[in-house]
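Could you walk me through this protein chain, from its overall outline down to a few single residues?

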Amino acid sequence: MVKEIMTSTQAIDKIDPLDMTTILATIEEQYGPICDHCLGRLVAKRSFGLSNDERGRAIRTYAALKNDTPYEGSPKNCWICGDLFDTIDEWAEKICHALENIECHTFLMGSRTPPLMNEAEEMLWTDFELYSPEPIKSEINREFGKAVSKRTDLIVEFKEPDVVVLVDLDMDEIDVQIRSLFLAGWYLKLERGIPQTHWHCRSCQGEGCTACNGTGKQYADSVEELIGASILAMTKGSHVTLHGAGREDIDARMLGTGRPFILEIHNPLIRSVELQEIEKSVNEADKRVQITRLSWSRRSEVEILKNHKGHKRYRILVDIDGVVSKEELQRSLNKLQNATIHQRTPERVSHRRADKVRKRAVLEMSLLGEKEHMFEISVLGEAGLYIKELISGDNGRTSPSLSELLEKQAQVTELDVVYVEGIESISH
Ligand SMILES: [Zn+2]
Ligand SMILES: [Zn+2]
């Protein structure tokens, strides 16, 4: 005990202890009682290895010795915190209760303090020209955090905590924010007519109407929902958001090696799920959408994925008006290979994209064969190349095009994406 007080007094020796005892006396006389925590916090940044209540106790002990008055300990009814620090255990219990059904290993404490509490301590900082205090919010976060750690095996983490616990002392509420899980992988869409993400019904904007049978959806399913359903069941999350490296048209399949995606799982109550189990359960749940090569990802990788401009390979089925020989077609395809295509925003997307002319390269163009009087063609294009318009010409908005070169109208009747250049750092 003696040793503890000795160390404490030595530590505050750097500021004149006499000043602090005078300040303590003035506060108690003119403002009101002040607890050890709030007293110690006034000089918090001047000594290390002590807690604020130890600092406060040291000042109070020193004052008692100096004035030859009895030492009475930390007083009740602190005019700054209202004895908040006596309720740490109660709050820690409440926080643990709030975290009960949430799987988490790391956490971060945050708090909202009543404005009057902040104003009270700031008044002291100004009135006594204190230059090394600590705000009460910091001490609350630290002390509450320590109390929660003691009761659980949770570790405080500042960078990417599993949960952020926000204590609102004013409203007497606890809010727990659960960090999303990010799952990276590649998806295949084996059937046409499925959009990548959920679309609200055009008639009711998601409210539910007769046009959508009350579902609020324009399409019954989406890649997002088909992947998300099993994962939500496994993680007990609230909902998912699919971030794709680009998107194929609704009527196009996504085949071959698949398209890179990151799935954000919001508010998961369970975090420890095996990737193999996820893959298995998603792929068995609905054969139309399959996922492969999963890995855990993070929020910062979503932007990288979305900005990624990868080449894409397509397999298309082309219908040409009139008679065209294989040789004639081959000559036109040769002209398009390595050509730079000028594409004015296609009519079909002009309502949601700015009207401008883009230049995109065709890297490879080859004839695969004939199928039901139509031609099967493989195209490798730069990111952003519109394939349907490369063939049709889009009424002259895309040039050169296959229609333009053949001087015959050509149309894509089927389109599959078979390869999307990926990002090694995200999925491997
Ligand atoms: Zn206090
Ligand atoms: Zn509707």
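Here is a tour that starts with the whole chain and then moves to its sheets, cores and loops.

First, some housekeeping: this is a predicted model, in which local features need pLDDT of at least 70, side-chain atom pairs count only at pLDDT 80 or more, and totals for chains, interfaces and linings use all residues. Residues are numbered from 1 along each chain as its sequence is written, and chains are lettered from A and ligands numbered from 1 in the order in which they are written.

**The whole chain**

Let's zoom out. The C-alpha trace spans about 115 × 40 × 40 Å along its principal axes. The chain holds 13 helices and 14 strands; these are DSSP runs numbered from the N terminus, with helices being H or I of at least four residues and strands being E of at least two. The radius of gyration is 33 Å, well over the 22 Å that the globule rule gives for 428 residues, so the chain is more spread out than a compact globule. That radius is taken over C-alpha atoms, and the rule is 2.2 Å times the number of residues to the power 0.38.

The chain splits into domain 1 (1-79), domain 2 (86-177), domain 3 (181-307) and domain 4 (312-420), with bounds that come from an automatic or database domain assignment. How far apart are the centres of domain 1 and domain 3? Taken over C-alpha atoms, they are separated by 59 Å.

Buried residues make up 34% of the 428 in the chain. A residue counts as buried if 20 or more other C-beta atoms lie within 10 Å of its own, exposed if 12 or fewer, and partly exposed in between, with C-beta atoms placed from the backbone.

Four strands form an open one in the order 2-1-3-4, with mixed pairing; two strands pair if DSSP finds at least two bridges between them. Strand 2 (155-156) and strand 4 (173-178) stand at the edges with a single partner strand each, so one side of each is left without a neighbour in the sheet.

Here are some strand pairs, from this sheet and from further along the chain:

| Strand pair | Bridges | Direction |
|---|---|---|
| Strand 1 (106-112) and strand 3 (163-168) | Six bridges | parallel |
| Strand 3 and strand 4 | Six bridges | antiparallel |
| Strand 9 (312-320) and strand 12 (374-381) | Seven bridges | antiparallel |
| Strand 9 and strand 14 (410-420) | Nine bridges | antiparallel |

L166 is a handy landmark: G110 stands opposite L166 in strand 3, and L166 stands opposite D175 in strand 4. In the hairpin of strand 3 and strand 4, four residues lie between the strands, and D172 takes a positive phi near 60°.

**The nonpolar cores**

Nonpolar side chains tend to be buried together in soluble globular proteins. A nonpolar core here is a set of buried Ala, Val, Leu, Ile, Met, Phe, Trp, Tyr and Cys residues joined through C-beta atoms within 7 Å. Which members of the largest core touch the most other members? Of its 50 residues, they are Y187, I227, L263, I316, I387 and L390. Strand 5 (residues 181-189) gives the largest share of this core, seven residues. Domain 3 and domain 4 each supply at least three residues to this core.

Look at I227: leaving out residues up to four places away in sequence, I227 touches Y187, L242, L263, V282, V289 and I291. Contact means that the C-beta atoms of two residues, placed from the backbone, lie within 7 Å. A second, separate core has 39 residues, including A63, C81, V165 and V167.

**Two loop residues**

L99 is found between helix 5 and strand 1. Is L99 buried or exposed? L99 is buried, with 21 other C-beta atoms within 10 Å. Leaving aside neighbours within four places in sequence, L99 is in contact with C104, V163 and V176. L99 and D68 are 31 residues apart in sequence and 49 Å apart in space, C-alpha to C-alpha.

K309 sits in the loop between helix 10 (300-307) and strand 9. K309 is exposed, with 11 other C-beta atoms within 10 Å. The C-alpha atoms of K309 and R179 are separated by 28 Å, and these residues are 130 residues apart along the chain.
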